[in-house]
Amino acid sequence: MSPHILVLGGTTEARELATELTARPGTRVTTSLAGRVARPGAVAGEVRVGGFGGAEGLARWLREQRVDAVVDATHPFARTMTAHAARAAATTGVPLVVLRRPGWHPGPRDDWHPVPSLHAAADLLPRFGHRVLLTTGRLGLAAFAHLTKTRFVVRSVEPPEPPLPPHTHVLLDRGPYTVAGETAILREHRIDVLVTKDSGAAATSAKLTAARDLGLPVVVVRRPPLPDGVATVPDAAAALHWLNALDRT
């Protein structure tokens, strides 16, 4: 019987993995997308959109669809989905690996301020100035809504969800970005501080270089911890190696 691989997607690595797997004769690949982005881009293989109904619903789907392995290649901040995947895999005995690209690390000239959450980021902002470039995505901006004296430039792929801070300018844009472009935005809007999540993506790291070159502080929201005991790989190639090892067992 052909192996069935479920890829929990939404990232560049997930698309890369789906492309590689669908090229293998006899392999069935299903990529699951949360459906939060209206135009997620082309994905090879089968695609399903929407939630599973928690860990129990995912476990039921794994059994019904006879899934042989799961690769969780969701965003590093998709904490709930990763927790559900770990529980469902443990319940069903289906092998699971979490694909997480490496995080960013500050250099000698970086002025980074790590925080555990968006709320903690909001608490820090008044010490740095009144003009903020916020690149944490379109969700969770309510954490900053009480900062009535701060002016925000919010960049996201799709319109952010309210409530928003009262003084907000929205930039709808999608990476990859360039250092020159990021520098221009920081200068045009006279930004005092950058706020970002540690997504680790090379396509969005130019803002960090631009902030460093301009001597700006960066508030970096740390990634949530992974569930205990899950296997991890850093990229699509390593995920393929992990799947190949399963085939040999």
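Visitor: Why does aspartate 198 count as buried?

Guide: This is a predicted model, by the way. Aspartate 198 has a relative accessibility of 12%. Buried means under 20%. So aspartate 198 counts as buried.

Visitor: What makes aspartate 198 and arginine 223 a salt bridge?

Guide: Their closest N and O atoms are 3.9 Å apart. The cut-off is within 4 Å, from a side-chain nitrogen of Lys or Arg to a carboxyl oxygen of Asp or Glu. The pair meets that cut-off, so it is called a salt bridge.

Visitor: Which parts does that pair tie together?

Guide: Arginine 223 lies in the loop between β11 (218-221) and β12 (231-233). Aspartate 198 lies in the loop between β10 (193-197) and α6. So the bridge links parts 25 residues apart in sequence.

Visitor: Why is arginine 223 called partly exposed?

Guide: Its relative accessibility is 23%. Buried needs under 20%, and exposed needs over 50%. Arginine 223 falls in between, so it is partly exposed.

Visitor: How many salt bridges does a search of the whole structure find?

Guide: The search finds 9. One of them joins glutamate 13 to arginine 101, with the closest N and O atoms 2.8 Å apart. Glutamate 13 sits in helix α1 (residues 12-22), and arginine 101 in the loop between β5 (96-99) and β6 (112-115). So this pair ties together parts 88 residues apart in sequence.

Visitor: How do you know whether glutamate 13 and arginine 101 are buried or exposed?

Guide: Check each value. Glutamate 13 has a relative accessible area of 14%. Arginine 101 is at 11%. The limit for buried is under 20%. So glutamate 13 is buried, and arginine 101 is buried.

Visitor: What makes arginine 109 exposed?

Guide: Its relative accessibility is 57%. Exposed means over 50%, so arginine 109 qualifies. Its side chain meets that of aspartate 213 in a salt bridge, at 3.5 Å from N to O. Arginine 109 is in the loop between β5 and β6, and aspartate 213 is in helix α6 (residues 206-214). Aspartate 213 is partly exposed, at 46%.

Visitor: Why is glycine 45 called partly exposed?

Guide: Glycine 45 has a relative accessible area of 46%. Exposed would need over 50%, and buried under 20%. So glycine 45 is partly exposed. It is found in the loop between β2 (28-33) and β3 (46-49).

Visitor: Which residues does glycine 45 contact, leaving aside neighbours within four places in sequence?

Guide: Glycine 45 is in contact with Thr22 and Val29.

Note on methods:
Residues numbered from 1 in each chain as written. Predicted model: local features only at pLDDT ≥ 70, side-chain atom pairs only at ≥ 80, totals over all residues. Heavy atoms only, no water. Helix = DSSP H or I, 4+ residues; strand = E, 2+ residues; numbered from the N terminus. Buried < 20%, exposed > 50% of the residue type's maximum accessible area, 1.4 Å probe, protein only. Contact = heavy atoms within 4.5 Å.
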